[in-house]
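Subject: Structure handover

Hello,

Please find the structure below. Have a look at it before you read the notes that come after it.

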Amino acid sequence: MLARSRRSVAVVDSGTPRNAPADGVHGLLGLEGIPPAELLRRGREEVRRYGGKVLVGEVTAAEAVPGADPRFTVTLADGATLRARRLLVATGLRDVLPDVPGLARHWGHDLVHCPYCHGWEVRDEPVGVLAVGPASVHHALLFRQLTDDLVYFTRGTDLDDETRTRFAARAIRVEDTPVAAVESTGSTEGSGSTEGSGSTESFGSTEAAGSAAGGRIAGVRLTDGRFVPRRVLAVATRMLARTDGLAGLGLPMEELPGGMGRRFATTGPAGTTSVPGVWVAGNATDLTAQVGASAAAGALAGAHINADLAAADTEAALAAADAP
């Protein structure tokens, strides 16, 4: 939107999108199933076609420059410095997985988080929902639409009698025994192995290796030694907006209820914030937005930024005309 409005645009892109481990992007009309890397390649090409610059790098610092009209200095990891009149933060988010040994290696493949992003691809498979809190109840009901074989692992979370009755009515099996580990087809099934560090891990890019190296999910090992076969696991991750290098802007953050995550707070339409000259779009502020919604938010923010710049340009021209 900005480049097509003949604005000077620089996009700083590290090339590590949240969906990098996924095989394809789903629910994006006209581009269903496109590999994430191909979508990124096309996007960069289109921005450059209209004169925009795409810089491969990472932001290490961003600060406002004092003045009547917003100005910013942005420093990159390679030491380069950019100066801008307006900023659009579109950093996306990182997913934090529950602390279960053997789980993280399957992220983006047999370990899924969104029924709309991955549900069709795992339909009719034996699915297990690893509960993390209240949001997992809704999660389970959505995945039940996709499979008749669903097990809900409570993992110490509360599950009231009314919810248990609802689950029973939908033939959702509830397993209250704590989870010891997730086992893979490449591991020794039935051995009780807890291979993996067990530490909580955060993913926003290619940090997750996927299931290729460790085989597919075989099932869930419980602390009493029982093994529950599953082909797919679903988990509501804790989603954290990526804030690296942006502390100097002083953008307010907002915690969402139920431990769902943390996002940049906006103050109005199109991603405006309380910091003059700074907009936020996509998963950095709307944690549940899919690719299409994030792209639409970016387009709307771009149009609003252009309008804001047009107004500032007009004020500057008036001031120049009135000068003695």
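Predicted model: local features only at pLDDT ≥ 70, side-chain atom pairs only at ≥ 80, totals over all residues.

Residues are numbered from 1 along each chain as its sequence is written, and side-chain values use heavy atoms, with hydrogens and water left out.

The sheet

Helices (H or I, at least four residues) and strands (E, at least two) are DSSP runs, numbered from the N terminus. Two strands pair if DSSP finds at least two bridges between them. Five strands make up an open sheet with parallel pairing, in the order β8-β16-β9-β10-β11. At its edges are β8 (111-112) and β11 (172-175), each of which pairs on one side only. Strands β9 (residues 127-130) and β10 (residues 150-153) run parallel and are joined by four bridges; V127 has L150 in β10 as its bridge partner. Helix α3 (residues 135-144) packs on this sheet and touches β8, β9, β10, β11 and β16 (232-235), where contact means heavy atoms within 4.5 Å. The direction of α3 makes about 170° with that of β10; axes are lines fitted to C-alpha atoms, for helices over the stretch in contact, and angles run from 0 to 180 degrees between N-to-C directions.

The aromatic pair

The structure holds one aromatic pair. Rings of Phe, Tyr and Trp (its six-membered ring) pair if their centres lie within 6.5 Å; planes under 30 degrees apart count as stacked, over 60 as edge-to-face and the rest as tilted. The pair is Y152 and F167, edge-to-face, at 5.0 Å centre to centre and 65° between the planes. Y152 lies in strand β10 and F167 in helix α4 (residues 161-169), so the pair ties together parts that are 15 residues apart in sequence. Y152 is buried, at 0% relative accessible area (buried means under 20%, exposed over 50%, partly exposed in between, with a 1.4 Å probe and protein chains only). F167 is also buried, at 0%.

The cores

A nonpolar core is a set of buried Ala, Val, Leu, Ile, Met, Phe, Trp, Tyr and Cys residues joined through side-chain atoms within 4.5 Å. The largest has 17 residues, and L97, L103, L111, F153, V179 and L233 have the most contacts inside it. Strand β14 (217-222) is among those that supply at least two residues, and β14 gives the most, with three.

Regards
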